[in-house]
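Good morning, colleagues. Please take a moment to look at the sequence and the model on the screen before I go through the fold and its charged contacts.

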Amino acid sequence: MNQVNFEKWVDEKLIPNLPPRSVVVMDNVPYHSIQVDKPPNKYAPNRDMIVWLRRKGVEANERLHKIKLFP
C-alpha cells in the first residue's frame with residue numbers, strides 16, 4: 001500500500017460505502033497522512049533550507065551555516 005493507492009481506495013471504495021454518521025479510525029502508518037511542503041531535515045543542503053525558508057517568508061542569509069538554519 002502507498003499514499004496514492006490509499007487515497008484512491010478511500011475515494012472510490014470507503015467513502016461511497018460508509019453509512020451516514022460513520023466514524024473512521026486510522027492508525028498512524030505513513031500513507032494515512034501526507035505532509036504538504038515538508039520542511040527540510042538537518043541533512044538537507046543549505047540551499048534547500050534557504051529556499052524553503054524564503055517560501056515561508058523568512059529571510060535567510062545564504063552565508064549562514066546549517067547549524068544556524070536548522071533549529
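Let me begin with a question: which side chain meets that of Lys56 in a salt bridge? The partner is Asp37, with an N to O distance of 2.8 Å. Lys56 lies in the loop between H2 and helix H3 (66-69), whereas Asp37 sits in the loop between H1 and H2, so this pair ties together parts that are 19 residues apart in sequence. Please bear in mind throughout that this is a predicted model.

I turn now to the overall architecture. The protein has 3 helices and 0 strands, and the order of its elements from the N terminus is α-α-α. The radius of gyration is 19 Å, well over the 11 Å that the globule rule gives for 71 residues, so the protein is more spread out than a compact globule. Along the principal axes, the C-alpha trace spans about 55 × 25 × 20 Å.

Of the 71 residues, 15% count as buried. Among contacts with a separation of 6 or more, 23% are between residues 24 or more positions apart. The exposed surface comes to about 6300 Å², and carbon and sulfur atoms supply 55% of that area.

Next, the charges. There are 12 positive and 8 negative side chains, and the centres of these two sets lie 7 Å apart. The salt bridges number 5.

Besides Lys56, Asp37 forms a salt bridge with Arg55, where the closest N and O atoms are 2.5 Å apart. This pair links distant parts of the chain, 18 residues apart: Asp37 is in the loop between helix H1 (3-17) and helix H2 (46-55), and Arg55 is in helix H2.

Arg47 lies in helix H2 and Glu62 in the loop between H2 and H3, so the pair ties together parts that are 15 residues apart in sequence. Arg47 counts as partly exposed, at 44% relative accessibility, and Glu62 also counts as partly exposed, at 47%. Through salt bridges that share partners, Arg47, Arg54, Glu59 and Glu62 are joined into one network.

That concludes my presentation; thank you for your attention.

Terms used
Residues are numbered from 1 along each chain as its sequence is written. This is a predicted model: local features need pLDDT of at least 70, side-chain atom pairs count only at pLDDT 80 or more; totals for chains, interfaces and linings use all residues. Side-chain values use heavy atoms; hydrogens and water are left out. Helices (H or I, at least four residues) and strands (E, at least two) are DSSP runs, numbered from the N terminus. The radius of gyration is taken over C-alpha atoms; the globule rule is 2.2 Å times the number of residues to the power 0.38. Buried means under 20% relative accessible area, exposed over 50%, partly exposed in between (1.4 Å probe, protein chains only). Contact means heavy atoms within 4.5 Å. Accessible areas come from the Shrake-Rupley method with a 1.4 Å probe; for residues, only the protein chains shown count as cover. Lys and Arg count as positive and Asp and Glu as negative; His and the chain ends are not counted. The place of a charge is taken as NZ of Lys, CZ of Arg, CG of Asp or CD of Glu. A salt bridge is a side-chain nitrogen of Lys or Arg within 4 Å of a carboxyl oxygen of Asp or Glu.
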